[in-house]
Amino acid sequence: MTIWPEPRLLPCGDRAVSVELGDEVNRELNARVLALEYLLQQRALPGVGETVPSYRALLVYYDPLVIGYEALGATLRELGAKARPEVLPPARTVELPCCYGGELGFELEEAARKIGLAPDEMARLHAGSEYYVYFVGFTPGLPYMTGMPERLTIPRLTNPRTKTPPGSVAIGGVQCCVYSIESPGGFWVLGRTPVRLYDPTAADPILLRAGDHVRFRPIDRAEYDAIAALVEAGRYTPRISVAVAGSGH
């Protein structure tokens, strides 16, 4: 049985506390962070508001007029001891169609050349893996993901671009992300998905969640344009499946 260290509580002003569960960046520790968030949501503690997971910690906002720091801390330590990956509900797998190379994946060829691969092979390796969403941040809906093949490890851009188109599927270091809105960026853009990861007009504006699994399905430009038209018309629904209970998170 794994022995986990005691949660480390760090006050963040007078209305939030960061609960650090470890010092490493790995999927098991991240799953414990998500398990703590899940248990806290299930507890529905009065005074607790938004929770924000990161690689290894959970930021918990609270109202000190409803629940004090000491009382909240006691609950967080109690739940932290129970926060194990197996308490999480079954994970979702989200399929994102992706058009690699060309105008949409405008850095695929240069990135492939930099690590000594043919562009087609780089796209094949990227699309052949399953990715895990550590957390969502930087911009609304942008996922930070692990699971990229080691062969695709590449330094981030020396000079980050000032604008990256929304939907850009990109890699940097050992991570993969999808730019959710137009923003600066330092990851290499390999392709683009027509699916909106952030839609402020939708009932649920953020498509991906921490703990999700993501697979990229290669498509050509014609299919990209067809899906983009459906997305624009509000008639496209991404494929989302849920793992069988007990299969792990």
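Predicted model: local features only at pLDDT ≥ 70, side-chain atom pairs only at ≥ 80, totals over all residues.

**A helix and its surroundings**

Reply: On the face of α2 turned away from its buried side, the exposed residues are E70 and A81. The buried residues of α2 are L72, G73, T75, L76, L79 and G80. Viewed down the helix axis, these buried residues fall within an arc of 165°, so they line one face of α2.

The helix itself comprises residues 69-82, 14 residues in total. From the first C-alpha to the last, α2 reaches 20 Å, close to the 20 Å expected at 1.5 Å a residue. Its buried residues are covered by elements that include the strands β1 (8-11), β2 (16-20), β3 (48-53) and β4 (57-62), together with the helix α1 (27-43).

The helix α1 deserves a description of its own. It has 17 residues and reaches 24 Å between its first and last C-alpha atoms, close to the 24 Å expected at 1.5 Å a residue. The buried residues of α1 include L29, N30, A31, R32 and V33, and also L34, A35, L36 and E37. L39 and L40 belong to the buried residues of α1 as well. Against them pack β2, β3, β4, α2 and β6.

Helix α1 also takes part in the largest pocket. That pocket has a volume of about 530 Å³. It is lined by 20 residues, of which L34, E37, P53, R209 and A210 are the closest to its centre. The elements giving two or more residues to this lining are α1, β3 and β6.

In one of them, the ring centres of Y55 and F135 are 4.8 Å apart and the ring planes stand at 90°, so the pair is edge-to-face. Because Y55 lies in the loop between β3 and β4 and F135 in strand β6 (residues 130-136), this pair ties together parts that are 80 residues apart in sequence. Y55 has a relative accessible area of 21% and is therefore partly exposed, as the cut-off for a buried residue is under 20%. F135, at 13% relative accessibility, counts as buried.

Another pair is formed by Y131 and F216, whose ring centres lie 5.5 Å apart with their planes at 70°, so this pair too is edge-to-face. It links distant parts of the chain, with Y131 in strand β6 and F216 in strand β13 (residues 213-218), 85 residues apart. Y131 counts as buried at 0% relative accessibility, and F216 likewise counts as buried at 3%. Ring pairs also join Y55, Y132, Y134, F135 and Y144 into a cluster.

G105 is situated in the loop between β5 (92-100) and α3 (108-115), and it is buried, with a relative accessible area of 2%. Setting aside neighbours within four places in sequence, G105 is in contact with V189, L190 and G191. The C-alpha atom of G105 is separated by 8.8 Å from that of W188, a residue 83 places away along the chain.

Methods: Residues numbered from 1 in each chain as written. Heavy atoms only, no water. Helix = DSSP H or I, 4+ residues; strand = E, 2+ residues; numbered from the N terminus. Expected span 1.5 Å × (residues − 1). Buried < 20%, exposed > 50% of the residue type's maximum accessible area, 1.4 Å probe, protein only. Arc of directions from axis to C-beta. Contact = heavy atoms within 4.5 Å. Phe/Tyr/Trp six-rings, centres within 6.5 Å; stacked < 30°, edge-to-face > 60°. 1 Å grid on protein atoms, 1.4 Å probe; cavity = no way out; pocket = protein on both sides within 12 Å on 5 of 7 lines; lining within 4 Å. Points joined across faces, edges and corners; volume = space filled by probe spheres on them.
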